[in-house]
Amino acid sequence: MFGPLTRGCPFFTVALMNGHRMTLSSDLRSPANQAGMRARNKWSVVQTLLEEGALSQADISRRTGLSRTTISSLVAELKAIRLVIDTDTPRLGGAAHAGRPGLLLTIDDSAGAAVGVDFGHRHVRVAVANLAHVVLAERAHAVDVKGDPHELMTLAARIVVEVLAEAGVEHSRVLGVGVGLPGPIDRERGMVGSASILPAWADIPAAAEMSRLLGLPVELDNDSNLGALAEAVRGAGQGCSHVAYVKAATGICVGLVIDGQLYRGADGTAGELGHIVVAESGPMCYCGNRGCLETLVGGPAITELLRHAHGEQLDLDAILRKAADGDLACQRALADVGRQMGKAIAIYCNLVNPRRVVIGGTLSLAGELLLAPLRDSMRQHTLQLSTRTVDVVPAELGDRAEVLGALTMILRAADGELASRLQATVEVAGS
């Protein structure tokens, strides 16, 4: 996000939309420099609204560091050129406040929209949002992600067309499509980076194929990364610049937000928590190793363990219901899962020192049955300094986190044609 202009120094730097920085003279007394500073401040307001969605003038003031009086003046000018409009609709992932809602400001959403597609293990979810980060339409369909990738992508493309029509968004207004898959992603090639985790997808250029089907630019990422982005920006990690999002369901994976930005690692495989070896003589894992965390605490491992105890067919949802109803075997199994997860998450706390650990995925629905033993285990296996200030909290966005993260990824990356056009408009208007 753009920060305020730095004053009182021989030079100050202004962050540009494309990520480069420009050094400008601090002699602001000339009309040209004053006009330039005002244009940059306008662009700071625009960038804040592009990243954050609908905000009040007070929110914009806090995020940019500019005074409320300055913000009021800048907003009036941006309204005059139809870049900024009033709205009473809350931002993406947000909820309306009780009572009469306050007036919010947003970028005029006629300039563009974003599409998010989340391929979960058991569903494909599609959503479209405008530049105010407001979800206009959303739909989910039950699927098995291990099925035929071409059939799954064709289905997703059809749902995208339907959702765009439902939202009343023309194809030409779509800035891009964010797509999430539950596996490590080779972002350079736009495909799954591991043949052992999603073997059917391993040789499929998923980003290019989705782009061909939709006729739109596509950005592919790991689903836990997208969940981390959504929870950090809109959910339980909001307000923290260092967040670890743990998606605990069929598999176990972590998305990391460091200094407010997603951290993917050199090859996009950062966060594969489920494949940390915790028992060298443990069960064989499909990745080829023995005793991976996922073989002990992933959804299939839990259901297999409890089938023996109950003598019946169970799935993870049924186990959570039974635990909530007081079933001791199910409660014990979830507590053991929490302790094992806590040991593994402790490694991340020692290495990257997050301020908040957000537990998402189906297992997070167990609540304190899982979280209490997880916290205890973390404290036992980390440096005291690493866990003294870390919060462990349940996710807030549920199974929508990944698709909301896909939308946020596209909306945050508005540094292409739209952003250039907006920047030029602001700078011309301010000169």
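Me: How far apart are N and O in the salt bridge where the side chains of D376 and R379 meet?

Reply: A salt bridge needs a side-chain nitrogen of Lys or Arg within 4 Å of a carboxyl oxygen of Asp or Glu. The side chains of D376 and R379 form such a pair, and from N to O they are 2.6 Å apart.

Me: What kind of model is this?

Reply: Residues are numbered from 1 along each chain as its sequence is written, and side-chain values use heavy atoms, with hydrogens and water left out. Local features need pLDDT of at least 70, side-chain atom pairs count only at pLDDT 80 or more, totals for chains, interfaces and linings use all residues, and the model is predicted.

Me: What separates D376 and R379 along helix α11?

Reply: Helices here are DSSP runs (H or I, at least four residues), as are strands (E, at least two), and both are numbered from the N terminus. D376 and R379 sit 3 residues apart in helix α11, residues 368-381, so their separation is about one helical turn.

Me: Is D376 buried or exposed, or in between?

Reply: Buried means under 20% relative accessible area, exposed over 50%, and partly exposed in between (1.4 Å probe, protein chains only). D376 has 37%, so its class is partly exposed.

Me: Which residues do salt bridges that share partners join into one network?

Reply: The structure holds 24 salt bridges. Those that share partners link one network, made of R125, E138, D399 and R400.

Me: How many residues apart are E138 and R400?

Reply: Their side chains meet in a salt bridge of 2.8 Å, N to O. E138 is in strand β7 (135-142), while R400 is in the loop between β16 (391-394) and α13 (401-412). E138 is partly exposed at 24%, and R400 is partly exposed at 28%. The pair links distant parts of the chain, and the separation in residues is 262.

Me: Where is R125, and which residues does it touch?

Reply: R125 lies in strand β6, residues 123-130. Its relative accessibility is 12%, so R125 is buried. Contact means heavy atoms within 4.5 Å. Leaving out residues up to four places away in sequence, R125 touches G116, V117, D118, E138, R139, A140, D399, R400 and V403.

Me: What distance separates the C-alpha atoms of R125 and E138?

Reply: The two residues are 13 residues apart along the chain. Their C-alpha atoms are separated by 7.4 Å.

Me: Which strands does the salt bridge of R356 and D391 tie together?

Reply: The closest N and O atoms of R356 and D391 are 3.7 Å apart.

Me: Which class does each of R356 and D391 fall into?

Reply: R356 has 18% relative accessibility, so it counts as buried. D391 has 36%, which makes it partly exposed.

Me: How far is R234 from A401, C-alpha to C-alpha?

Reply: R234 belongs to helix α6, residues 223-234. At 4% relative accessibility, R234 is buried. R234 and A401 are 167 residues apart in sequence, yet in space the value is 9.1 Å.

Me: What is phi of N353?

Reply: Most residues other than glycine have a negative phi, and most peptide bonds are trans. N353 lies in the loop between α10 (328-352) and β15. N353 is partly exposed at 40%. Its phi is positive although N353 is not glycine, with a value near 55°.

Me: Is D259 buried or exposed?

Reply: D259, also not a glycine, has a positive phi of about 55°. D259 is in the loop between β13 and β14 (261-263). Its relative accessibility is 58%, so D259 is exposed.

Me: What is the volume of the largest cavity?

Reply: On a 1 Å grid over the protein atoms alone, a cavity is a set of points where a 1.4 Å probe fits but cannot get out, and lining residues have an atom within 4 Å of a point. Points join across faces, edges and corners, and volume is the space filled by probe spheres set on them. The search of the whole structure finds 1 cavity of 30 Å³ or more. The largest cavity has a volume of about 40 Å³.

Me: Which strand gives the largest share of the lining of the largest cavity?

Reply: The lining includes N353, V243 and L256. β12 (243-248) and β13 (252-258) each supply at least two lining residues. The largest share, 3 residues, comes from β13.

Methods: On a 1 Å grid over the protein atoms alone, a cavity is a set of points where a 1.4 Å probe fits but cannot get out, and a pocket is an open set with protein on both sides within 12 Å along at least five of seven lines; lining residues have an atom within 4 Å of a point.
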